[in-house]
Amino acid sequence: MRPTEILSAEHRVIEQVLDCLEKIAEGAQRCGVLDVDASGKVLSVLKTFADECHHGKEERRLFPKLHERGLPTSVGPVAVMLEEHDVGRAHIRGMESAMRALSGGDRDSLRTFVDHAFHYVELLRAHIAKEDNILFPMAEAVLTDADRRELLESFAQVEATELGIGTHEKMLRIADELAERFGVTRAVGRSAAAFAGCCHHAPAPGSQCAQ
């Protein structure tokens, strides 16, 4: 298993959660009510799994190694990925802020949440496609076998020490509960060997409007 294959497997999980977020935003737009419980769970997974874990592996492990192998981080694909990570974080903060305002009675914040949600989903889907189809093939062209072994070990360290044992599995369970709730097809091609903590998924039925 290569480090980029682990990251691609994580992409499938992130896409699953993006599909749920999109349905939440569509439901809020259609019904005028935000599913606060589901929104909170989605943001928890995106912050913990997508950002702290996945983006953390890229920013603190993969990208520095690519820089060692001659890929610049101030320009080119890596620079674009880093910028988009920051833009995504801004959208997450925007959704969190909108939820706080909604809880305080500011109904206009529903539109703010929906706007940030749709922009985040669009951004991350395009971001994932760039990494899978452009950056990761470039990475495989420059990484050595020793680099790959080192990255695999450091990825495992992220799971065990930085994220915390059991956190990854918890996020996956929440992602699957959301997929079932909203009728989103679960990520396929995941296994415990694919990346620390992942397991196979299957499609499940769900709901339409915010519950």
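P77 is partly exposed, with a relative accessible area of 28%; the term covers values between the limits for buried (under 20%) and exposed (over 50%), found with a 1.4 Å probe and protein chains only. This residue lies in helix α3, where helices (H or I, at least four residues) and strands (E, at least two) are DSSP runs numbered from the N terminus. The model is a predicted one, in which local features need pLDDT of at least 70 and side-chain atom pairs count only at pLDDT 80 or more, while totals for chains, interfaces and linings use all residues. Residues are numbered from 1 along each chain as its sequence is written, and side-chain values use heavy atoms, with hydrogens and water left out.

**The chain as a whole**

The chain has six helices and zero strands, which gives the pattern α-α-α-α-α-α along the sequence. Of its 211 residues, 50% count as buried. The accessible surface comes to about 9500 Å², and 53% of that area belongs to carbon and sulfur atoms; such areas come from the Shrake-Rupley method with a 1.4 Å probe, and for residues only the protein chains shown count as cover. Among contacts (heavy atoms within 4.5 Å) between residues at least 6 apart in sequence, 80% join residues at least 24 apart.

P77 is in contact with L135 and M138, when neighbours within four places in sequence are left aside.

F63 belongs to helix α2 and is buried, with a relative accessible area of 2%. Beyond its neighbours within four places in sequence, F63 has contacts that include V78, M81, E131 and L135. I174 is placed in helix α6 (residues 167-182) and is also buried, with a relative accessible area of 14%. Not counting residues up to four places away in sequence, I174 touches K41 and V45.

The table lists the C-alpha separations of three residue pairs.

| Pair | Apart in sequence | Apart in space, C-alpha to C-alpha |
|---|---|---|
| I174 and V17 | 157 residues | 9.4 Å |

**Helix lengths and a bend**

Helix α1 (residues 3-31) has 29 residues and reaches 42 Å from its first C-alpha to its last, close to the 42 Å expected at 1.5 Å a residue. The expected span of a helix is 1.5 Å times one less than its number of residues. After α1 comes G32, whose phi is positive, near 75 degrees.

Helix α4 (residues 109-142) has 34 residues and should span 50 Å; the 46 Å between its end C-alpha atoms agrees with this. At E131, α4 bends by about 40 degrees, the bend being the angle between axes fitted to the seven residues ending there and the seven starting there. E131 is also one of the residues in contact with F63.

**An enclosed space**

Rolling a probe the size of a water molecule over the atoms shows where empty space is left. The structure holds one cavity of 30 Å³ or more. On a 1 Å grid over the protein atoms alone, a cavity is a set of points where a 1.4 Å probe fits but cannot get out, and lining residues have an atom within 4 Å of a point. The largest cavity has a volume of about 50 Å³, a volume being the space filled by probe spheres set on the points, which are joined across faces, edges and corners. Its lining includes L46, H55, H85, R89, Y120 and L124. The elements that give two or more residues to this lining are α2 (36-68), α3 (76-103) and α4.

Conventions
On a 1 Å grid over the protein atoms alone, a cavity is a set of points where a 1.4 Å probe fits but cannot get out, and a pocket is an open set with protein on both sides within 12 Å along at least five of seven lines; lining residues have an atom within 4 Å of a point.
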